[in-house]
Amino acid sequence: MTVYLNGQFLPKQEARISPDDRAFLFADGAYEVVRAYRGHLFRAKEHWDRFDYSLKALRIPPPASADFSAIASELLKRNTLADAEATVYLQVSRGAAPRKHAFPADMTPTVYAFAAPFTNPVEKWASGVKVITLPDQRWARCDIKSVSLLPNVLANQQAQEAGAHEAVLVRDGYAMEGSLSNFAAVLDGVVHTAPRTNYILPGISRLVALGLCSALGIPVKEFPVAEADLKCATEAMLFGTTNEVMPVVQINDRKLGDGQPGPLTRKLQQAFRNYVEECQRRG
Ligand code: PDD
């Protein structure tokens, strides 16, 4: 496997990162995950804009001369994934320096990226998935795509152990988003999803899905569903780079409707797939 590290493409086993790297010591960095559909980087500009936003928020200077689209495309090529389903992971940390909390002077950011093959979750897309609700134990800057992901990791692990696909995180009584996806529920025929605030990651898939809702005439309310109202939801879904539009058919012990993906979710899921295919065709 060929990875990218600080301006070089090299075999993964030759990649060396300092134990003083602040991503290792403090989780002091940001990241992006981009879907590559047969070489097409899905909504790359939005991902790089969000990367820029995260780095600015963390006060990490954007790495000089790192062209993320070029790095991602080269990684796909070098790993024979240019014509395959894949994801590209990119991470920038503040860099390496002896451990102290405040930013050390004259840091050079560490830039690391890799591409990995991806298998579309076609069976789960067809059947829908179970989610569980858990308290949102993250900080108040969930809008930053920081590598500091322990609450997400713990929540996701708890979901896996409960036989669920995702954990939906509840803050102050409201379902905000998943551990690695955005969440929406349908109440009275309206798609409800948490608004863009500091309490959710502004997902690119969420953005695309809401655009499709508007094109399809599906009503949307950007307001989170109270946990207590989840029992009234007729449908629910997750949005994300690795989920696209994933139907949710069970929340905790309660099946939604007849336990099958709902009609509105299906419509949106198909529209998302069509959009992906159109993007691929356009190149
Ligand atoms: N996660 N919310 C959270 C907390 C996320 O980590 C993600 C993405 C999303 C969906 O965002 P997008 O549609 O831009 O992928 C929402 C990535 C895939 C990850 O951490 O692996």
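## Orientation of α6 and α7

Helices α6 and α7 lie roughly perpendicular to each other. In this predicted model, the two helices pack at an angle of about 110°, and 10 Å separate their axes. The angle falls in the range of 65 to 115 degrees, so it counts as roughly perpendicular.

## The contact between α6 and α7

On the α6 side, the contact is made by S205, V208, A209, L212, C213 and L216; on the α7 side, by K267, L268, A271, F272 and Y275. By class, nine of the contact residues are nonpolar, one is polar and one is charged. Residues three or four places apart in an α-helix point the same way, because there are 3.6 residues a turn.

## Helix α6 and its surroundings

Helix α6 covers residues 204-216, 13 residues in total. From first to last C-alpha α6 reaches 18 Å, close to the 18 Å expected at 1.5 Å a residue. After the helix comes G217, which has a positive phi, near 75°.

Buried in α6 are I204, S205, R206, V208, A209, L210, L212 and C213. The elements that cover these residues include two helices, α2 (44-57) and α7 (263-282). Strands also take part in the cover, among them β10 (182-187), β11 (190-193), β12 (220-221) and β14 (235-240).

## Domain division

The chain is assigned two domains: domain 1 spans 2-117 and domain 2 spans 122-282. Taken over C-alpha atoms, the centres of domain 1 and domain 2 are 26 Å apart. Across the boundary, 24 residues of domain 1 are in contact with 24 residues of domain 2.

Key: Residues are numbered from 1 along each chain as its sequence is written. This is a predicted model: local features need pLDDT of at least 70, side-chain atom pairs count only at pLDDT 80 or more; totals for chains, interfaces and linings use all residues. Side-chain values use heavy atoms; hydrogens and water are left out. Helices (H or I, at least four residues) and strands (E, at least two) are DSSP runs, numbered from the N terminus. The expected span of a helix is 1.5 Å times one less than its number of residues. Buried means under 20% relative accessible area, exposed over 50%, partly exposed in between (1.4 Å probe, protein chains only). Contact means heavy atoms within 4.5 Å. Axes are lines fitted to C-alpha atoms, for helices over the stretch in contact, and angles run from 0 to 180 degrees between N-to-C directions. Angles under 35 degrees count as roughly parallel, over 145 as roughly antiparallel, 65 to 115 as roughly perpendicular and the rest as oblique. Ala, Val, Leu, Ile, Met, Phe, Trp, Tyr, Cys and Pro count as nonpolar, Asp, Glu, Lys and Arg as charged, and the others, Gly among them, as polar. Domain bounds come from an automatic or database domain assignment.
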